[in-house]
Amino acid sequence: MPLPLSDSPEFSKFLSRAEKLATEMDRGNEMKIELIEKAKEFGLLSLKPEGEEFLKIVEELSKRNQSLALSLVANSMFLVEFEEWGSAETLHAFAITEPKSGSDLKACRTKLNDGKVYGVKTLVTNAELAESFAVLASESGRLKLCVVRRDDKVKVRKLNVSSFRGSGIGVVKFDGAEAEDVKEEGTKAVMRTLTYSRPFFSAIALGMSERCLEVAINYAKRRRAFGKSVLEFQGVSFQLAECVTEVEALRCLILEALRKREHLSAVCKLFAAKTVKKVTDVCLQVLAGHGLIRGGYVERAYRDAKAFDVGEGTSEIMKLLISRRF
Ligand SMILES: Cc1cc2nc3c(=O)[nH]c(=O)nc-3n(C[C@H](O)[C@H](O)[C@H](O)COP(=O)(O)OP(=O)(O)OC[C@H]3O[C@@H](n4cnc5c(N)ncnc54)[C@H](O)[C@@H]3O)c2cc1C
């Protein structure tokens, strides 16, 4: 299916609907089947983390509903190693982190025995609705990446997370679930996947930062204090100017990371985390008391921003990857 142009009228309708449901998803900590179905119709569930068009879609969606954007990026991660599964147009998840180990992949305790998977994964995006999972598991001491379809041997429990509450993040227990399409060299497969997806995860941070700036600048123009608009105070406008500069730098870095993944994927994600944390912080400060009321975009983005220091490898692990090249 051809990709919709990110500025097509049909896609604009989808964006509006996604925006409308964003607060409800955050409040209820739930995904919306209606939006996943629509994403299927657009062919968005068969996309690998590649190309500027998908990047643009992730950025635009993140300005309205970053939880849905994260679901699409997590789905695309599955397809890096299992591309042929994309034609099934089902929702996928990438299940690597475990209760006792995240950064340290080699400490994986999930087992693959006689073609069956036993173990627990946690913090899995899309766990709520995913129909298949890419699972890292160890077989005779070697790590493999395999696919497990959701069935009665797969149990999901949603987590009450503070960030990305509409992305169906949860714990997934595999109790003798059948493994399909087993790939050797699981660690390399996971690293390759993350290298591909980090610029797309960073594009969520970009979209969120842009939207927060738009909200904060508009607010600062209208909000009056001491007889003028608060945007007229340089203490406010200079901070926003710095944020705009960093957001533009992030945009350039993301595009460059698409071309030079091996070199810039970790750099890009590290910078995305710094940028979105700073921008959401500054923008919330501009909105001040009103920004802290639940339900606003900036308040939600402020909570979500911290997740960029953690998801797809922590900021410390990004520094480790970058410094390994010295
Ligand atoms: C929004 C979100 C979505 C996520 N989605 C998924 C998903 O779809 N699938 C999935 O499998 N996981 C997912 N995760 C989990 C995420 O990948 C892990 O939380 C992350 O890899 C870190 O693992 P951990 O939480 O176990 O931390 P740990 O690895 O236990 O780390 C604890 C602390 O120690 C630090 N640390 C660890 N090792 C080193 C080192 N060598 N040098 C310096 N510092 C170190 C870490 O940086 C961190 O500060 C998601 C997380 C978030 C927030």
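This is a predicted model: local features need pLDDT of at least 70, side-chain atom pairs count only at pLDDT 80 or more; totals for chains, interfaces and linings use all residues.
1. **Where domain 1 meets domain 2.** Across this boundary, 21 residues of domain 1 make contact with 20 residues of domain 2. On the domain 1 side, the elements that supply two or more residues are α1 (9–28), α2 (33–41) and α4 (66–81). Helix α4 gives the largest share of that side, with 11 residues. Sorted by class, the domain 1 side has 13 nonpolar, 5 polar and 3 charged residues.

2. **The ligand.** Which domains give residues to the shell around the ligand? Both domain 2 (92–184) and domain 3 (189–323) do, so the ligand lies between them. The shell holds 23 residues, and the closest to the ligand are Ile 96, Gly 102, Ser 103, Thr 314 and Glu 316. Two or more shell residues come from each of β1 (92–95), β3 (116–124) and α9 (315–323). As for its make-up, the shell has 13 nonpolar, 8 polar and 2 charged residues.

3. **The nonpolar core.** The largest nonpolar core has 102 residues, and those with the most contacts inside it are Val 58, Val 73, Val 135 and Val 148. Setting aside neighbours within four places in sequence, Val 73 is in contact with Pro 49, Val 58, Ser 197, Phe 200, Phe 201 and Ile 204. As background, nonpolar side chains tend to be buried together in soluble globular proteins.

4. **Leu 55, buried in α3.** Leu 55 sits in helix α3 (residues 52–64). Is Leu 55 buried or exposed? Leu 55 is buried, because 22 other C-beta atoms lie within 10 Å and 20 or more are enough to count as buried. Apart from residues up to four places away in sequence, Leu 55 touches Phe 200, Ala 203, Ile 254 and Leu 258. With Ile 254 the separation is 199 residues in sequence, yet 9.0 Å in space from C-alpha to C-alpha.

5. **Leu 35, buried in α2.** Helix α2 contains Leu 35, which counts as buried with 22 C-beta neighbours inside 10 Å. Not counting residues up to four places away in sequence, Leu 35 touches Ala 18, Leu 21 and Leu 68. Leu 35 and Ala 18 are 17 residues apart in sequence, and their C-alpha atoms are 6.8 Å apart.

6. **Glu 24, exposed in α1.** Helix α1 includes Glu 24. Glu 24 is exposed, because 12 other C-beta atoms lie within 10 Å and 12 or fewer is the cut-off for exposed. Between Glu 24 and Gly 295 there are 271 residues of sequence separation, while the C-alpha to C-alpha distance is 8.6 Å.

7. **Helix α7.** Does the length of α7 (residues 261–287) agree or disagree with its number of residues? Its 27 residues, at 1.5 Å a residue, should span 39 Å, and the end C-alpha atoms are 37 Å apart, so the two agree.

8. **Helix α8.** Helix α8 (residues 297–305) is mostly covered, with 8 of its 9 residues buried. Among the buried residues of α8 are Tyr 297, Glu 299, Arg 300 and Asp 304. The elements that the buried residues of α8 pack against are α1, α4, α5 (186–222) and α7.

9. **Two loop residues with positive phi.** Phe 226 is not a glycine, yet has a positive phi of about 50°. Phe 226 lies in the loop between β8 (224–225) and β9 (228–229), and is exposed, with 7 other C-beta atoms within 10 Å. Glu 312, also a residue other than glycine, has a positive phi near 60°. The loop between α8 and α9 holds Glu 312, which is buried, with 26 other C-beta atoms within 10 Å.

Key. Residues are numbered from 1 along each chain as its sequence is written. A residue is near a molecule or strand if its C-beta atom, placed from the backbone, lies within 6 Å of it. Helices (H or I, at least four residues) and strands (E, at least two) are DSSP runs, numbered from the N terminus. Ala, Val, Leu, Ile, Met, Phe, Trp, Tyr, Cys and Pro count as nonpolar, Asp, Glu, Lys and Arg as charged, and the others, Gly among them, as polar. Domain bounds come from an automatic or database domain assignment. Two residues are in contact if their C-beta atoms, placed from the backbone, lie within 7 Å. The expected span of a helix is 1.5 Å times one less than its number of residues. A nonpolar core is a set of buried Ala, Val, Leu, Ile, Met, Phe, Trp, Tyr and Cys residues joined through C-beta atoms within 7 Å.
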